[in-house]
Amino acid sequence: VTKRGEQRFAELYLQHASEAIRLAFLLTGDQHAAEDIAQDAFISLFGRFQERKSPDAFEAYLRRTIVNVSRDRFRKLRSERRYMARQANSSSFQVAVAPQIEEREVIRKALQTLPHRQRAALVLRFYLDLSEQQTADVLQCSVPAVKSLVTRATGALRKRMGGETS
Amino acid sequence: LTELEQRLSSFFHEEAERASLPGAMYHRVLRRAKIRRGVTAAMAGLAVIAVSMATVMAARAFQSSSPIGPANPVPSPTSSSTHRDTGDGVHVTRPKVKVAEGTVAGKSWALIAYESNAGLCVDLQMSSGSGGGCGLDVPDKGDLGLNLGSQVGLPKTIIHGIVSRRVSTLQVRLDDGETRNVEIVEGPERFEVDFFAAFLPRNVTGVLEAKDHEDAVLQKERLGADSPDSRNRRCDFVRVRPTYLPGLKPGEPIPAPTKSYDEVIDRPQLSWEIPGFAPEEAGVGLTRYPLPGGTGEGRAVDAEISGVGGQLHAQDESPNTVGISWDLGERCNFVELTLVLPGVTQVERVQEVTKIAESLQETDP
């Protein structure tokens, strides 16, 4: 790795690290996981983009890599999360929360029940404001598939959030 | 945006603010990236070498695998240098067809043809084993595609393959002056080629010639020990296989290895992935190549290949890597077992590679 390569990588890192962690955080809901995922994404792109001149290409690859890495992690942790969910449900503690926080908690919990790709589609569309085509590029699927993911995700959220709030 | 979509957008933006941003993370990333690059470099030898399908011919030696279909590809010692082993990547894309059959020395045989991702494949199948090749560039780049092999227990040199429909005569001219005609079998229309199979005396030397209807030689292939291929004979894949690999559950079968060949250093290599790791991060490799000077000093281990004890090399290696090597004293003397396994201690890594080495067993030639 050349000094120039390292310098280029540092520039790309400084430019994109914050957004990478935020994206990973929204995909996982976990700060530590988000940092790990962002790190892994940068590491996997290290070397491949040291000499590239197109920052747009790096951003697109980074997003795709983060989605892919978080998906892998999601699969790995799914069983763990199920176990934790059972534990949480068995708890008898009730926590009083302010209405605003309660609203966020409802959304957060509902989002956690979504399959990874549905959640990723929502984050890409409504956080990053990517177009359907751009979202399809990141998820490596077709535009109709993105529409379907978003429709199913919002449908599921409506159902779950409706149930929660009522 | 619908109301829900607006709520989601607000939620995501608020949530994103909760994510704490990187401080000293960059240096961690850089350090890990460098380590990873080191591992990747160490694994370069374990990676599958991409082979252009246009030049691929899996010259699979005859071996003891009874089912129809691509036997585990092993390079034929007599295969041409342009006819490379495809590793385990041959996938059948259309149903197999028996194009010829017969008996030799009391054993029945069948010639099986099928399309694959590596091109047209032809296997000669016998009850005691099968072998053949894929990617024969006939009729696109030639008129004769030859598979050459032998089989344990059968005192014959087996030739079989395909010819273009320009070929009307196929003839073996043995070096002792004898000439033998080889029957051409008309192939099913879908293949657009014809087929042949013949059983010649063991250790035959001569030339196989494909001629057109005017008796002009369209293409010829040298058979036997005097061929240029034999003079420049490359190292064969090592004939031992592990019966233990890290990450496999008890009783889980050992997967077939990925095969590759590095022409530059004449190194055939078998490699296995380790479950739970990306191929570029971890793996087991078993390689063989000429290395004048032998294995160098290591720590003697009990594991033997052909009666030769191995030497463990666990220091000054690439990251996460340990190796055991053997000097077999032949031209292709150097056999090396390599384990790249991150996430464990070096002591555990050594234990694992030793366990793999001790599990090595000879396969049938």
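1. A salt bridge here is a side-chain nitrogen of Lys or Arg within 4 Å of a carboxyl oxygen of Asp or Glu. Arg173(B), Glu209(B), Lys211(B) and Asp215(B) are linked in a network of such bridges. Over all chains, the count comes to 15 salt bridges. Keep in mind that this is a predicted model.

2. Start with confidence in chain A. The average pLDDT of chain A is 74, and 70% of the residues score at least 70. By element, the lowest mean, 61, belongs to helix 3 (residues 55–90) of chain A. The highest, 92, belongs to helix 5 (residues 116–126) of chain A.

3. One stretch of chain A calls for caution. Over residues 77–99 of chain A, pLDDT stays under 50. The model has two contacts beyond four places in sequence for that stretch. Where pLDDT is low, the predicted coordinates should not be read in detail.

4. Glu59(A) pairs with Arg63(A), and their closest N and O atoms are 3.2 Å apart. Both residues sit in helix 3 of chain A, four residues apart, or about one turn of the helix. How do the two partners differ in exposure? Glu59(A) is partly exposed, because its relative accessibility is 29%. Arg63(A) has a relative accessible area of 19%, so it counts as buried, the cut-off being under 20%.

5. Asp194(B) meets Arg165(B), with the closest N and O atoms 3.1 Å apart. Asp194(B) lies in strand 10 (residues 194–201) of chain B, while Arg165(B) lies in the loop between strand 6 (154–163) and strand 7 (169–174) of chain B. The pair therefore ties together parts that are 29 residues apart in sequence. Asp194(B) is buried, at a relative accessible area of 10%. Arg165(B) is partly exposed, at 34%.

6. A further salt bridge in chain B joins the side chains of Lys98(B) and Glu101(B), at 3.2 Å from N to O. Glu101(B) is exposed, with 56% relative accessibility. As background, side chains of opposite charge can pair when their charged atoms come close.

7. Strand 16 (residues 283–289) of chain B is mostly covered. Seven of its seven residues are buried. Both faces are covered. On one side are Gly283(B), Gly285(B), Thr287(B) and Tyr289(B). On the other are Val284(B), Leu286(B) and Arg288(B).

8. Which strands does strand 16 of chain B pair with? Strand 15 (residues 267–272) of chain B is joined to strand 16 of chain B by four bridges, and the two run antiparallel. Within this pairing, Gln269(B) has Thr287(B) as its bridge partner. Strand 20 (residues 334–340) of chain B is joined to strand 16 of chain B by seven bridges, again antiparallel. There, Thr338(B) is the bridge partner of Gly285(B).

9. Strand 2 (residues 107–116) of chain B contains Ala113(B). Ala113(B) has a relative accessible area of 0%, so it is buried. Leaving out residues up to four places away in sequence, Ala113(B) touches Pro95(B), Lys96(B), Val97(B), Val99(B), Cys121(B), Phe191(B) and Phe195(B). The C-alpha atoms of Ala113(B) and Gly161(B) are separated by 9.4 Å, and these residues are 48 apart along the chain.

10. Asp123(B) belongs to strand 3 (residues 119–126) of chain B. Is Asp123(B) buried or exposed? Asp123(B) is buried, because its relative accessible area is 2%. Its side chain makes a polar contact of 2.9 Å with the side chain of Tyr114(B).

11. Last, aromatics. The structure holds four aromatic pairs over all chains. One of them is Trp109(B) with Phe199(B): the ring centres are 5.6 Å apart and the planes stand at 50°, so the pair is tilted. Trp109(B) is in strand 2 of chain B and Phe199(B) in strand 10 of chain B. The pair links distant parts of the chain, 90 residues apart. Both Trp109(B) and Phe199(B) are buried.

Technical notes. Residues are numbered from 1 along each chain as its sequence is written. Chains are lettered from A and ligands numbered from 1 in the order in which they are written. This is a predicted model: local features need pLDDT of at least 70, side-chain atom pairs count only at pLDDT 80 or more; totals for chains, interfaces and linings use all residues. Side-chain values use heavy atoms; hydrogens and water are left out. pLDDT is the predictor's confidence in each residue, from 0 to 100. Contact means heavy atoms within 4.5 Å. Buried means under 20% relative accessible area, exposed over 50%, partly exposed in between (1.4 Å probe, protein chains only). Two strands pair if DSSP finds at least two bridges between them. A polar contact is a pair of N or O atoms within 3.5 Å; within protein, one must be able to donate a hydrogen and the other to accept it, and residues adjacent in sequence count only if both atoms are side-chain atoms. Rings of Phe, Tyr and Trp (its six-membered ring) pair if their centres lie within 6.5 Å; planes under 30 degrees apart count as stacked, over 60 as edge-to-face and the rest as tilted.
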